[in-house]
Amino acid sequence: MGSEGNRGQTAEHFPSDLHATGAGRDDRSLISGAVAGELGSDFFYPMPQWITKLVAKVQLAGSKTTAECNLRFERDPIFINNEWHESTSGKKFPTYNPSTLEKICDIEEGDKPDVDNAVEAAKAAFQRGSPWRQMGAPSRGRLLHKLADLLERDRVILATLETMDTGKPFLQAYFIDLEGCIKTLRYYAGWADKIQGRTIPVDENFVCFTRHEPMGVCGAITPWNFPLLMLVWKMAPALCCGNTLVIKPAEQTPLTSLYIGSLIKEVGFPPGVVNIVPGYGPTAGAAISTHDNIDKIAFTGSTKVGKLIKEAASKSNLKRVTLELGGKNPCIVCADADLDLAVECAHQGVFFNQGQCCTAASRVFVEEQIYPEFVKRSVEFAKKRLVGDPFDARTEQGPQIDQKQFDKILELIESGKKEGAKLECGGLAIEDRGLFIKPTVFSEVTDNMRIAKEEVQYKSPEFYLHLPRQMGKKEIFGPVQPIMKFKSIEEVIRRANSTEYGLTAAVFTKNLDRALALASALQSGTVWINCYNALYAQAPFGGFKMSGNGRELGEYALAEYTEVKTVTIKLSQKSP
């Protein structure tokens, strides 16, 4: 494996520094060497040939254990009480490789009875006197560190499964997604024995203090675009605080979540602490949202589904809800910006992960003095972006997740053409490759065009078939960059904020006063200045307005998984 220094660089700035961190098109030998170090002497360069071999084994094995690849899947992949179970209904559903459109394997389809069983196990594990509740905070931290160790050990396998299931480039999964998971686990492992209350001065004969206690059984519903990373963002703080979990991974991408189940058992977490129930939104997801014995739910996905989950929570037991939802994120480039940096960051900001990212820079505002040059350079970047097999080390962009999303992206591209935007490049599918779309850049875009105003989140339609049609707009989650121009700072602030979303924003300028003024004025949960997608386990992440409630990551996330209890003691008035 590569040195700690190299690994530390690759994930510090989420994708914007990808080209310069040992994960770019010119560093294939370094990457292959890092992977070879993890596999030992049986690995032979070049990496793509080995990956093809591993993928064939994984596909052949389906959900059965393969010792040579160290795969952990069992025959019945519903993970409850540290055991593997068949679904109560006996139903299964397939998961597909979006690169080849071939079925990888069948997964047990969890439903309400399976969720009930998982909640029962999680509730039992949280009872006073249970092994989990009796475990000291330092021991919880050690378990999280051990889990991070196993992710390090099985990093190649997890990255391979993530690439197979999502279509994202292997190098992204290995150097960014897995690195983010490992760092997040270690960060919260360190917090486990540092969660503390306060002593509060009150009347003379009273002592008052607070305790921060675990909430209980927490539900987690994760998305398909970053399946493992978003799972860890929820699981790590929840376990750090002493909660138990019932997890439903996205039905499109359940493989890495199920693999984590085996690692949970291997590490030594007591039975029932972590339970994983794959299934569909209207069944397993709805059962978690409405369950009276789930005390808190965390969800990453579309705003529409987030509304349904919050409604379900209010109609059941008023469970606490954390929502990380969609965004229509402005990226503002001022005339004095470092143009090379701004073009590259805006490019990575929108095309990273095939454009399937809630933080995507989907509204690029460029000051009119530099607009023509910015567009020219952006087109050059887009034309050079390599689209293809995600297991090829040169690939920068893989396929879209499925046919429905693929069709929606192409339909939105057509709307941009019809509404008068100038198609600078792309705009077409790669005809001989299934669900691959060429990186697309539009200029002369105005705020009223669909490509400029529609929110960038994909949704699983089965979850909310009953949702009223008038709620929200159509959505896109793909490799499309709309570039707009602006004349003044006040104008761009008004336009950037003229949306019901407020997840992220970015500003590129050399003027610190202007940067801070924009950061203050923009209605977003995160503002990046002269960078993009710079995400850290230590820094809170979440949205304003309809981009969500609560925060993930950082110390702030601990408040989402604890209840504050006030204890007041009346002292004896006798003299000591």
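**Close-ups of a predicted model**

View 1. Seven strands make up an open sheet with mixed pairing, in the order 14-15-16-13-12-18-19. Strand 14 (422-425) and strand 19 are the edges, each pairing on one side only. Here strands (E, at least two residues) and helices (H or I, at least four) are DSSP runs numbered from the N terminus, and two strands pair if DSSP finds at least two bridges between them. This is a predicted model, where local features need pLDDT of at least 70 and side-chain atom pairs count only at pLDDT 80 or more, while totals for chains, interfaces and linings use all residues. Residues are numbered from 1 along each chain as its sequence is written, and side-chain values use heavy atoms, with hydrogens and water left out.

**View 2. Inside the sheet, strands 12 and 18.** Strand 12 (residues 330-333) runs parallel to strand 18 (residues 504-508), the two pairing over three bridges. Look for C331, which faces A506 in strand 18.

**View 3. W233 meets F541.** These two rings form an edge-to-face aromatic pair, 5.7 Å centre to centre with 65° between the planes. (Rings of Phe, Tyr and Trp, the last by its six-membered ring, pair if their centres lie within 6.5 Å; planes under 30 degrees apart are stacked, over 60 edge-to-face, the rest tilted.) W233 sits in helix 9 (residues 227-240) and F541 in the loop between strand 19 (526-529) and strand 20 (544-545), so the pair ties together parts 308 residues apart in sequence.

**View 4. An aromatic cluster.** F170, Y174, F175 and F391 form one aromatic cluster.
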